[in-house]
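This report describes the fold of one protein chain and then turns to a few of its residues. Please keep the sequence and the structure in view while reading.

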Amino acid sequence: EGKFGAQWLGATWSLAVEEQFYLVLPLLVRFVSLRWLPGVLASLVVVAPLARIALYESSTSGGFAGYLLLPTRWDALFLGVLGSIALRNQIARVWLASHVRAIRWVWLSSGAFLAVLLLLGQGIGSKGMTYGGHTVLACLALSTILLGVLSPPGYLRSLLRSPWLIWLGSVSYGIYLLHLPVLGLLQAWLLDGIPHPSHAARV
């Protein structure tokens, strides 16, 4: 049970992935022309789920490795970069703005797909998340951002641009890093014992 203390720092694994991303992206931007950069990034997005599947099928710990390693997770990173490039390009931005309904469909279908995985218990390291879940989650995040930027005035735009949501986004990474220690301390306090992951449902 004492191992749970070390898990309080488990969330920091994503910092390592981000630091590697900060090393990879500048090199791509520096040495790949803007004309070819979107195609290169799109190709790397496709590589990520293929790498996850290869690891999953070749190793008993492949699902977990596919959750942690940079090449298996850079689909989310590079989809975000592609979205940024598109929003900075006037032609692409106008095209996206004229297809907000399609973006909304991606948003809703991605959310529905992930909800089904959740109901089926397909979490980290599962076949569902490995084969498509992580990429679908990235599509959900990107479509949310695009809708917040491009949606016409209305309820959805107001929701995605609401001050409380913007504030939550500004502190979300801190919440992510601290949620495990807070959970552990609450378990120790409320359950009057050594925290253990199995206690989470009882808190």
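## Overall fold

Read along the sequence, the chain follows the pattern α-α-α-α-α-α-α-α-α-α. Its secondary structure comes to 10 helices and zero strands; helices (H or I, at least four residues) and strands (E, at least two) are DSSP runs, numbered from the N terminus. The model is predicted, so local features need pLDDT of at least 70 and side-chain atom pairs count only at pLDDT 80 or more, while totals for chains, interfaces and linings use all residues. Residues are numbered from 1 along each chain as its sequence is written, and side-chain values use heavy atoms, with hydrogens and water left out.

Taken along the principal axes, the C-alpha atoms of the chain fill a box of roughly 60 × 45 × 30 Å. Of the 203 residues, 31% count as buried; buried means under 20% relative accessible area, exposed means over 50%, and partly exposed lies in between (1.4 Å probe, protein chains only). Among contacts between residues at least 6 apart in sequence, 65% join residues at least 24 apart, where contact means heavy atoms within 4.5 Å.

## The packing of H5 and H6

Two packed helices are described by the angle between their axes and the distance between the axes. Helix H5 (residues 70–88) and helix H6 (residues 90–97) pack at an angle of about 100°, with their axes 5 Å apart. Axes are lines fitted to C-alpha atoms, for helices over the stretch in contact, and angles run from 0 to 180 degrees between N-to-C directions. H5 and H6 are therefore roughly perpendicular to each other; angles of 65 to 115 degrees count as roughly perpendicular, under 35 as roughly parallel, over 145 as roughly antiparallel and the rest as oblique.

On the H5 side, the contact is made by Ala-86, Leu-87 and Arg-88, and on the H6 side by Gln-90, Ala-92, Arg-93 and Leu-96.

Side chains of opposite charge can pair when their charged atoms come close. The structure holds one salt bridge, defined as a side-chain nitrogen of Lys or Arg within 4 Å of a carboxyl oxygen of Asp or Glu. Asp-75 forms this salt bridge with Arg-52, and the closest N and O atoms are 3.0 Å apart. The pair links distant parts of the chain, with Asp-75 in helix H5 and Arg-52 in helix H3 (residues 37–58), 23 residues apart.

Are these two residues buried or exposed? Asp-75 is buried, with a relative accessible area of 0%, and Arg-52 is buried, also with a value of 0%.

Ser-126 lies in the loop between helix H7 (100–119) and H8, and is buried at a relative accessible area of 11%. A polar atom of the Ser-126 side chain lies 2.7 Å from the backbone oxygen of Gly-123, and one lies 3.2 Å from the backbone nitrogen of Met-129.

Thr-130 is placed in helix H8 (residues 127–150) and counts as buried, at 1% relative accessibility. A polar atom of its side chain lies 2.7 Å from the backbone oxygen of Ser-126. Leaving aside residues up to four places away in sequence, Thr-130 touches Pro-49, Arg-52, Ile-53, Tyr-56, Gly-63 and Gly-125.

## Leu-15 and Leu-177

Leu-15 has its place in helix H2 (residues 13–31) and counts as partly exposed, at 33% relative accessibility. The C-alpha atoms of Leu-15 and Leu-177 are separated by 9.8 Å, although these residues are 162 residues apart along the chain.

How values were computed:
Polar contact = N/O pair within 3.5 Å; in protein donor to acceptor, adjacent residues only side chain to side chain.
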